[in-house]
Amino acid sequence: MKKPDCIFCKIIEGTVPSTKVFENDRVIGFKDLHPAAQIHFLFVHKNHTRDVNEMMVLEPSQIGDIFSAIRELTLKDGLQDNGFRVVTNTGQHGGQTVFHTHFHVLGGEQLRGFN
Ligand code: AMP
Ligand code: ZN
């Protein structure tokens, strides 16, 4: 369930501080330490997996848990009104630096396109 050397598992267990924006029995959302937009949250499942593909194989329902949490928060805090972006980086080319599956939620301003 937890990986001892994983920074996000430590945030989940509370031994590393974070600014939480969402929590239920399965998922937490917290502010990214280095925001890439006015609003930049990270949503993670409380059960450790390495990346979204591993999550999909081991426990696909976790993806629903994450998007349900994102929906709940973005409706509550009004992000839904102007829109937002969800990103999950995977592996080296994807730019993944923390190997506990996480979904970036970005918004609060007009985000640049991919081109
Ligand atoms: P990625 O590069 O997709 O793996 O995203 C990892 C994200 O985690 C980066 O945006 C970091 O700024 C963020 N991050 C790393 N350590 C922490 C931390 N202790 N608290 C909050 N965000 C963190
Ligand atoms: Zn972890």
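## Cysteines, cores and ligand contacts

The structure holds zero disulfides. It is a predicted model. A disulfide would be a covalent bond between the sulfur atoms of two cysteines. Cysteine 6 has a relative accessible area of 6%, and because buried means under 20%, it counts as buried. Cysteine 9 is also buried, because its relative accessibility of 1% falls under the 20% limit.

The largest nonpolar core has 13 residues. Within this core, the residues that touch the most other members are Phe22, Phe41, Phe43, Ile70, Phe103 and Val105. Two or more residues each come from strand 3 (39–45), helix 2 (52–58), helix 3 (61–76) and strand 5 (102–107). Helix 3 gives the largest share, four residues.

Leaving aside residues up to four places away in sequence, Phe41 touches Val21, Phe30, Lys31, Asp32, Leu73, Asp77, Leu79, Phe103, His104 and Val105. Another core, of 10 residues, lies apart from the largest one, and its members include Cys6, Cys9, Ile11 and Leu42.

Which residues come nearest to ligand 1? There are 15 residues around ligand 1, and Asp32, Asn89, Thr97, His102 and His104 come nearest.

| Residue | Atom of the residue | Distance to an oxygen atom of ligand 1 |
|---|---|---|
| Aspartate 32 | side-chain N or O atom | 2.5 Å |
| Valine 98 | backbone N or O atom | 3.0 Å |
| Histidine 104 | polar side-chain atom | 2.8 Å |

On its own, ligand 1 has 500 Å² of accessible area, and the protein covers 84% of this area.

Is histidine 104 buried or exposed? Histidine 104 is buried, because its relative accessible area of 13% is under 20%. Besides the contact with an oxygen atom of ligand 1, the side chain of histidine 104 makes a polar contact of 2.8 Å with the side chain of histidine 40. Not counting residues up to four places away in sequence, histidine 104 touches Asp32, His40, Phe41, Leu42, Arg85, Val86, Val87 and Asn89. Among these, Asp32 and Asn89 also belong to the residues that come nearest to ligand 1, Phe41 is a member of the largest nonpolar core, and Leu42 is a member of the other core.

Definitions and conventions:
Residues are numbered from 1 along each chain as its sequence is written. Chains are lettered from A and ligands numbered from 1 in the order in which they are written. This is a predicted model: local features need pLDDT of at least 70, side-chain atom pairs count only at pLDDT 80 or more; totals for chains, interfaces and linings use all residues. Side-chain values use heavy atoms; hydrogens and water are left out. A disulfide is a pair of cysteine sulfur atoms within 2.5 Å. Buried means under 20% relative accessible area, exposed over 50%, partly exposed in between (1.4 Å probe, protein chains only). A nonpolar core is a set of buried Ala, Val, Leu, Ile, Met, Phe, Trp, Tyr and Cys residues joined through side-chain atoms within 4.5 Å. Contact means heavy atoms within 4.5 Å. A residue is near a molecule or strand if one of its heavy atoms lies within 4 Å of it. A polar contact is a pair of N or O atoms within 3.5 Å; within protein, one must be able to donate a hydrogen and the other to accept it, and residues adjacent in sequence count only if both atoms are side-chain atoms. Accessible areas come from the Shrake-Rupley method with a 1.4 Å probe; for residues, only the protein chains shown count as cover.
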